[in-house]
Amino acid sequence: MPHDVNLIATIAAGFGLAMIFGYIAARFRMSPIVGYLIAGILIGPSTPGFVADMSLAMQLAEIGVMLLMFGVGLHFSLADLMSVKRIAIPGAVAQIGSAVALGALAATLWGWGLAESILFGLCLSVASTVVLLRAIETTGILKSATGQVAVGWLIVEDLVMVLALVLLPTIAGMLAAADSATGLNIFDQKLLLTIGWTIAKVAAFIALMLVVGRRLLPKLLWLVARVGSREPQQHHTRLDRDRYPSACPCQRATISRAIR
């Protein structure tokens, strides 16, 4: 039987090197994330030796990001975001706008095209939620006012980036038209329809998640928790009955607890 161990090798190498270099980084009084980054570089294609499966590594990284954002959601609710909205929302939007403008200006001076310049500015405008959230948790200020503002700021940045990524194909077409000889017609009906339809889908998705995430999913999880599973208990009861057939149920339960 053929065996494919790419997934096992990628996970084992990644976790093993991350543990080693994370420990070394902590010993040097640095964030373990530094060690994790070094581990990723070592098993990447840019260094000699073992090279992990890049396709699997990217999928595992996406799973890690989803779990991280799930953790963010556990620590930070929509009400928390609304409590710091006067600082987080305008601050994050202004920071993104200024970073995009400055990045696009620098790239334009380097001779890049309009599309590449704006994309470069977008890359500079968003901070790493992974790194900053880890730093906030390490310093123990997650529940403080400063930590709440910082997390709210990061969430606003993530939401803006999600919207930008969804609109990126449409924006790329607009910028390509702007660079072409025909120029860009912002009042083109097809272009406006595409942008409107994209924004409507994003809004519908957000509304669905707010309704499902806040109302339906908690009730569904509560129903699952109430059902419970008695299979492990029944399995142990059958084993006790087979081991001690002459004992009464109370004696079997006492003996079973004593040897476990």
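A residue counts as buried under 20% relative accessible area, as exposed over 50%, and as partly exposed in between (1.4 Å probe, protein chains only). Keep that in mind for this predicted model, where local features need pLDDT of at least 70, side-chain atom pairs count only at pLDDT 80 or more, and totals for chains, interfaces and linings use all residues. Residues are numbered from 1 along each chain as its sequence is written, and side-chain values use heavy atoms, with hydrogens and water left out.

**The whole chain**
- You'll find eleven helices and zero strands here; helices (H or I, at least four residues) and strands (E, at least two) are DSSP runs, numbered from the N terminus.
- Of the 260 residues, 23% count as buried.
- The chain exposes about 18,400 Å², with 71% of that supplied by carbon and sulfur atoms (Shrake-Rupley method, 1.4 Å probe; for residues, only the protein chains shown count as cover).

**The loop between α1 and α2**
- Arginine 29 sits in the loop between α1 (6-27) and α2 (32-42).
- Its phi is near 60 degrees, a positive value in a residue other than glycine.
- Why does arginine 29 count as exposed? Because its relative accessibility is 80%.
- Methionine 30 is in the loop between α1 and α2 too, but methionine 30 is partly exposed, at 43% relative accessible area.
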